[in-house]
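Here are my notes on the model, as numbered points. Please read them alongside the structure.

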Amino acid sequence: MRRLWLLPLLMGAVGGVVFYALAQQENPAEEVKKQKEMLLKEMGILPGDVYAEQGRDLFNKVMGTAGKSCSSCHGQDGRYLKGSYAHMPRYYKDMDAVADLDTRIKYCMEKYMGVKEVKHDTNFKSIATFVATLSNGMPMDVKLENPKEKEMYEKGKQLWYARVGKMDFSCAICHDNFGGQRIRLQTLARVKQDKVATHWPAYRFSNDQLWTMEDRIRGCYNQIRVTPPPHFHWANIALSLYMAYESNGGIIETPGFVR
Amino acid sequence: MKNYLVLLGSVVVFACAPTQQEKPKPAELPKPTPQAKQEEKKTTFEEDIKQDPAQKMCSNPQGTVSADMVAKFFEEQKKLIKYPPNGKLVGDWKKGEQLFANPRKGNCYACHCADPKELACGNIGPTLRHYGKRQSDVKYTYEKIYNSWAYVPCSIMYRAGVHGILTPEEIADITAYLHSPESPVNK
């Protein structure tokens, strides 16, 4: 936990910055840029990067009953995992299933490291973020080669366009048709045009939390009054795969920095 | 010493943030009661993503129904509209004002601007500023809020009446809020 002492300082800064932004009510793209600049100026590091550093430490730390760390298989600091996130979600032979970042890490921890009841908490998300950063600078390159990948992609596409729930919403209606416009003061992401899958996991300055794509998907469902799928549910994997494939060619830059 | 510096840093950053005094506060969000929260949590994702026939028809990349289906679609959607038992489509605009803003009820500001005092309004739907001055058909307003899909196939505007988010009486109140010359929407 090399940089843990930075956290209280960061939280203070984030609080101040968010407050400042609320008072200004400015153009959202400008707001993100300004927040980032201010945090960098004050701290020299963004909160998301602090989490990623924590993730690196946890990655190298022995956990579970098998006496292994992630690095026992994937190399110190995950040097054998460089570029892996660019092809995720994908099919894994040992699982005989398609997994997203979260689900794959959970599987590894449980199956190979002997960790019991893996929780989707900040430590877990920090590891996920660190793994994603190992593909930074590379283009997203998700392939649909395995039949299970194709099937999962189709499921994701179906969910993307499905009008559901009490609000009759789909992912598409907000993030294709009305992307770039505002719900209240919140600008809707243009998921496919802007290839947003390339910057998740991300640090959200509005609630000072690290989120993986699963958290983002669950958050969206919650907002349209649909009970979110639990973590590691196929719906998260399907939508993650759909969005990642649609983001192919975009340069991976994690952790993202979003509102 | 390091700790002091950290504390000092936080305080300084907070103190430097400008105050929000000059901006009007957004309306306080009424918190859902614990009971209401529990009731919502009862359903699962699988149950919640079950679609009605109209939702199924709208679930495509075009975001609408084919031209030859539109008339039939409207007819089906019109059938879903119910009216207040007393037959009054225009209710109490002051109640409507609350319902319009309440995020658990109309939540209309998510997409529409209306009262100029509310700055936190979305721009997905058209602005409703001075709505009553350019629209006199209250039946249209009522039906549009009750079931927007009776007028625009697969509209992004959710069918507040069909899904029971608003009762017929509540929709009549919002209709009043949009049409009344007394309402801040039309001032």
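1. Chain B reads α-α-α-α-α-α-α-α-α along its sequence. That is 9 helices and 0 strands. Helices (H or I, at least four residues) and strands (E, at least two) are DSSP runs, numbered from the N terminus.

2. This is a predicted model: local features need pLDDT of at least 70, side-chain atom pairs count only at pLDDT 80 or more, and totals for chains, interfaces and linings use all residues. Residues are numbered from 1 along each chain as its sequence is written, while chains are lettered from A and ligands numbered from 1 in the order in which they are written.

3. In chain B, 33% of the 187 residues count as buried (20 or more other C-beta atoms within 10 Å of the residue's own; exposed means 12 or fewer, partly exposed in between; C-beta atoms are placed from the backbone).

4. H8(B) (residues 138-146) and H9(B) (residues 168-179) have axes that come within 9 Å and cross at roughly 130°. Axes are lines fitted to C-alpha atoms, for helices over the stretch in contact, with angles from 0 to 180 degrees between N-to-C directions. Among the residues making the contact are Tyr142(B) of H8(B) and Leu178(B) of H9(B) (contact: C-beta atoms, placed from the backbone, within 7 Å).

5. Which residues of H2(A) are buried? They are Glu31(A), Gln35(A) and Leu39(A). Seen down the helix axis, the buried residues of H2(A) fall within an arc of 60°, so they line one face (the arc is that of the directions from the helix axis to the C-beta atoms). The face turned away carries exposed residues, including Lys33(A) and Glu37(A).

6. Just after H2(A), Gly44(A) takes a positive phi of about 80°.

How values were computed:
Two residues are in contact if their C-beta atoms, placed from the backbone, lie within 7 Å.
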